[in-house]
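Here is a walk through a protein for someone meeting it for the first time. Keep the structure open beside the text and follow along.

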Amino acid sequence: MGKTVGIDLGTTFSLIAFVDPATGEPRCIQGPYGETLCPSVVSLDANGTIVAGEPARRRLLTQSNRTIYSVKRLMGRGVDDVRDELKIFPFRIDEKSRGVIRVKLGDKYFTPPEISAFILRELKSWAEDFFKDTVDRAVITVPAYFNDAQRQATKDAGRLAGLEVLRLVNEPTAAALAYGLHKQRRGRVAVYDFGGGTFDISILKLISTTEGDIYQVLATNGDTHLGGDDIDNALSAMAREEIEKKYRVDFERYPEAVQELRKTLIHTKHELSNAERAAIRFALPDDRIYNREITRAEFEEMIAPIIARTMAPVKMALADAKMQPSEMDEVVLVGGSTRIPLVRKTVGDYFGRAPHCELNPDEVVALGAAVQADILESGVKNMLLLDVTPLSLGIETMGSVVAKLIPRNSTIPASAQELFTTGVDNQTGIDIHILQGERELAADCRSLASFQLKVPPGPAGLARIEVKFLIDANGILQVAARDLRTGEQSTLEVQPSYGLTDAEMERMLEESIEFAEQDFEQRQIIEARNEADAILRATEKALSGVHAAGLSREERAAIDQSVAALREAVSGTDYKLVRARIDELNQATLNLAELTMNKVLQAAVGGKRIDEV
């Protein structure tokens with residue numbers, strides 16, 4: 001069997017982590033660029049190759065119509081759900097999408113689980129390079145307020161990436177797990193998780209017993225359409241309005257400029273977390289310069305309504321847990337957006353205590369996922385994680401009213417059953433319409449699935465139909481309906497309205513093999529280019545040193561020729577050619593390397609020539 005990992009599949013960045021067997025501590029794995037953060041960006045090359053992560057993020061500025069970011073906002077959602085998103089994100093949705101959304105990249109269409117699978121595959125490759133072994137199982141985190149369809153879409157993405165998803169864990173719960181182990185703290189903990197695209201609040205109780213530790217979630221709440229992206233959009237709206245008004249620039253004609261402006265403003269946002277003012281300097285498409293200063297006070301006034309939106313779920317979660325802010329022993333901040341001073345002040349003022357942010361807010365969720373993965377793999381018995389379902393589950397009854405079977409914040413796994421009957425005479429079937437949400441009418445809740453149970457005709461009220469709900473540790477629902485009089489039964493794992501069918505999954509799995517080959521080729525060219533860049537820098541540095549004077553004219557010409565040939569190869573996509581040019585440059589610089597080494601050794605032995613030592 002391969003390795004098991006924990007994955008934080010984020011809106012802006014994604015991470016992969018494991019528990020180090022030598023230390024027993026969780027740690028994140030770095031990618032080829034030396035960072036643990038993998039940008040959650042996917043791009044389709046003109047030749048059909050898919051790239052994900054940092055290479056894809058760089059293409060946002062040059063191939064915006066072939067590149068997508070923040071796809072997590074589309075997971076498990078229908079076309080009508082994302083109308084507002086389309087106004088502020090460059091999502092190119094196929095309006096003919098039925099059920100699962102299809103996003104256009106270049107001339108091809110992909111579903112959000114497929115795009116997320118490319119990100120997961122990139123992370124998987126990082127881990128396999130690190131372990132020198134296969135990675136085939138994972139615990140993946142999801143926002144606590146993700147509904148059944150969004151959770152199922154995440155599991156589908158894992159399967160498409162070639163991963164067995166052992167468990168879906170709520171992000172705040174994972175953070176609390178990492179924090180609890182790191183700080184060895186116990187008591188009542190509020191986890192405030194403000195990420196790139198989602199906001200979650202969870203109230204937990206961390207308990208130590210003689211048999212081990214219990215991490216019990218008491219309540220959770222949140223908003224799956226609220227995050228750092230909204231702050232970026234507020235900054236972008238301000239800048240675009242000023243630019244369009246003053247310079248008459250129509251950004252609809254310049255999609256690359258929109259991405260360049262967004263990148264500039266994100267940098268400004270980061271600066272304002274550490275300074276009282278920051279400069280925005282942006283080159284317009286016609287080479288004029290948009291230049292203005294923004295103060296932290298101005299920035300905070302702009303984003304105050306966004307931060308205020310996070311407090312309504314906080315208050316609801318505390319009410320569900322039957323607790324007051326002052327009763328919290330600890331408040332933990334998670335997610336990159338919690339670096340903003342106004343966020344920390346708002347949370348601190350509400351709870352009456354300075355929140356904890358000792359652990360890296362970007363990495364803490366992935367670290368917790370790795371801990372849970374280790375628990376599941378090793379069968380550790382001295383730690384118990386009790387999570388909850390974020391939304392109520394029920395069925396539609398007469399008058400389109402919702403009968404809730406499993407209330408929100410029920411500890412999972414959970415089950416419930418209830419008896420129903422027919423509403424009209426001689427009814428031959430009962431439609432079981434499964435819903436998720438807190439409203440009283442079916443039209444106001446999320447439709448998850450429906451199926452029909454056949455019943456023999458008879459007077460209204462004669463039939464006795466037992467409906468059972470079972471929600472597993474991943475928060476995914478199974479439903480069974482049985483006619484107690486005839487024994488007729490129907491069972492299904494709920495296939496959400498916006499879930500992939502088995503046939504679609506089969507097709508995508510077949511295609512994933514093709515993309516896996518492309519991914520491998522793309523990784524080979526990326527690694528070759530990285531090696532080439534390092535060798536070119538080292539050669540340039542050596543040629544600029546005094547020891548290069550010992551080269552003959554012919555040797556210098558050969559090196560210059562090899563450098564030029566390698567630079568030309570790096571601009572292409574043939575990794576074999578890049579490797580060949582690297583070997584040629586290594587051969588051409590053998591004497592240069594010897595001269596450089598002699599100079600170093602000469603300095604080390606006090607200025608004598610090497611042959612004198």
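Before we set off, a word on names: helices (H or I, at least four residues) and strands (E, at least two) are DSSP runs, numbered from the N terminus. With that in hand, find R102, which sits in the loop between α2 (83–88) and β8 (103–105). Keep in mind that what you are looking at is a predicted model.

Let's stay with R102 for a moment. Its relative accessible area is 32%, so R102 counts as partly exposed. Leaving out residues up to four places away in sequence, R102 touches R92, I93, D94, S97, Y109, F110 and T111.

Now zoom out to the whole protein. You'll find 14 helices and 27 strands, and the C-alpha trace spans about 105 × 65 × 55 Å along its principal axes. Of the 613 residues, 52% are buried. The accessible surface comes to about 27,800 Å², and carbon and sulfur atoms account for 49% of that. If you take contacts between residues at least 6 apart in sequence, 66% of them join residues at least 24 apart.

Next, look for an open sheet of three strands, in the order β6-β5-β7 and with antiparallel pairing. Which strands stand at the edges? They are β6 (50–52) and β7 (67–69), and each has a single partner strand, so one side of each is left without a neighbour in the sheet. From one strand to the next, the twist averages 15°. Strand β5 (residues 41–44) is joined to β7 by three bridges, the two running antiparallel. You can pick out a bridge by eye: V41 has Y69 of β7 as its partner.

Follow the chain on to S70, in the loop between β7 and α2. S70 has a phi near 55°, which is positive even though the residue isn't a glycine. Is S70 buried or exposed? With a relative accessible area of 2%, S70 is buried. Compare N426, in the loop between β22 and β23 (429–436). N426 also isn't a glycine, and its phi is positive, at about 55°. But N426 has 54% relative accessibility, so it counts as exposed.

Time for some helices. Two packed helices are described by the angle between their axes and the distance between the axes. For α6 (residues 228–247) and α7 (residues 255–272), the angle is about 115° and the axes are 9 Å apart. Their crossing is right-handed. On the α6 side, the contact is made by G228, D229, I231, D232, L235, S236, A239, R240 and I243, while α7 brings V258, L261, R262, L265, I266 and K269. What kinds of residues are these? The contact divides into eight nonpolar, two polar and five charged.

Two more stops are left. T338 lies in the loop between β17 (330–334) and α9 (341–351). Its relative accessibility is 0%, so T338 counts as buried. Setting aside neighbours within four places in sequence, T338 is in contact with Y192, F194, L333, V343, R344 and P361. Finally, look at P413, in the loop between β21 (411–412) and β22 (414–420). The peptide bond leading from I412 to P413 is cis, with omega near 0°.

Conventions. Residues are numbered from 1 along each chain as its sequence is written. This is a predicted model: local features need pLDDT of at least 70, side-chain atom pairs count only at pLDDT 80 or more; totals for chains, interfaces and linings use all residues. Side-chain values use heavy atoms; hydrogens and water are left out. Two strands pair if DSSP finds at least two bridges between them. Axes are lines fitted to C-alpha atoms, for helices over the stretch in contact, and angles run from 0 to 180 degrees between N-to-C directions. A crossing is left-handed if the near helix is turned anticlockwise from the far one by less than a right angle, and right-handed if clockwise. Contact means heavy atoms within 4.5 Å. Ala, Val, Leu, Ile, Met, Phe, Trp, Tyr, Cys and Pro count as nonpolar, Asp, Glu, Lys and Arg as charged, and the others, Gly among them, as polar. Buried means under 20% relative accessible area, exposed over 50%, partly exposed in between (1.4 Å probe, protein chains only). Accessible areas come from the Shrake-Rupley method with a 1.4 Å probe; for residues, only the protein chains shown count as cover.
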